[in-house]
Amino acid sequence: MKIALIIKDFSLQKGGAERYAWNLGKGLVSTGHDVRVFANRWEPAKGVVFQRVPILKPLSLFKIITFPLFCRYLLRKQSFDIVYGLTPFY
């Protein structure tokens, strides 16, 4: 299955959703799935393909608004069996 994971930071260094996403991505790859992570920052994970999602950083409000907008734009260009968001992306 081709699976998209959506999260701003894909990392073992952070807690909660970031760590969960990293472990989930690795677990899905180990069972043979094609995993694409849409994130602004990430720690590499073997077998996981990354798509950088840009965000505008001058104000925190821009970060909140631009990540979901760019995510939706990038997702429309591809086809996935499952799109799983660990952060709101509308």
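User: Which residue just after α1 takes a positive phi?
Analyst: This is a predicted model. In it, helix α1 covers residues 17–30. Just after that helix, a positive phi of about 100° is taken by G32.

User: How far apart are the end C-alpha atoms of α1, and what span should its 14 residues have?
Analyst: At 1.5 Å a residue, the 14 residues of α1 should span 20 Å. The distance in the model agrees with that expectation, as the end C-alpha atoms are apart by 20 Å.

User: What arc around the axis do the buried residues of α1 cover?
Analyst: The buried residues of α1 are A21, W22, G25 and L28. An α-helix has 3.6 residues a turn, so residues three or four places apart point the same way.

User: Which strands do the buried residues of α1 pack against?
Analyst: Helix α1 lies across β1, β3 and β6, and runs at about 170° to β1. Its buried residues, among them W22, have their packing partners in β1, β2 (9–10) and β3.

User: What is the order of the strands in the open sheet?
Analyst: The sheet has 4 strands with parallel pairing. Its edge strands are β5 (49–52) and β6 (82–85), each of which pairs on one side only. Neighbouring strands are turned against each other by 20° on average, direction ignored. The order is β5-β3-β1-β6.

User: How many residues of β1 are buried?
Analyst: Strand β1 spans residues 2–6. It is largely enclosed by the rest of the structure, because of its 5 residues the number buried is 4.

User: How many bridges join β1 to β3?
Analyst: Strand β1 has a parallel partner in β6, with 4 bridges between them. Its pairing with β3 also runs parallel, and there the number of bridges is 5.

User: At what angle does α2 run to β3?
Analyst: Helix α2 covers residues 60–76 and lies across β1, β3, β5 and β6. Its angle to β3 is about 145°.

User: Is T66 buried or exposed?
Analyst: T66 is found in helix α2. The cut-off for buried is under 20% relative accessible area. T66 has a relative accessibility of 8%, so it counts as buried.

User: Which backbone nitrogen lies 3.1 Å from a polar atom of the side chain of T66?
Analyst: Leaving aside neighbours within four places in sequence, T66 is in contact with P54, I55 and L56. The 3.1 Å distance to a polar side-chain atom of T66 belongs to the backbone nitrogen of L56.

User: What distance separates the C-alpha atoms of F70 and I55?
Analyst: Leaving aside neighbours within four places in sequence, F70 is in contact with V53 and P54. I55 is 15 residues from F70 along the chain, and the separation of their C-alpha atoms is 7.6 Å.

Definitions and conventions. Residues numbered from 1 in each chain as written. Predicted model: local features only at pLDDT ≥ 70, side-chain atom pairs only at ≥ 80, totals over all residues. Heavy atoms only, no water. Pairing = 2+ DSSP bridges. Helix = DSSP H or I, 4+ residues; strand = E, 2+ residues; numbered from the N terminus. Axes fitted to C-alpha atoms, helices over the stretch in contact; angles between N-to-C directions. Contact = heavy atoms within 4.5 Å. Expected span 1.5 Å × (residues − 1). Buried < 20%, exposed > 50% of the residue type's maximum accessible area, 1.4 Å probe, protein only. Polar contact = N/O pair within 3.5 Å; in protein donor to acceptor, adjacent residues only side chain to side chain.
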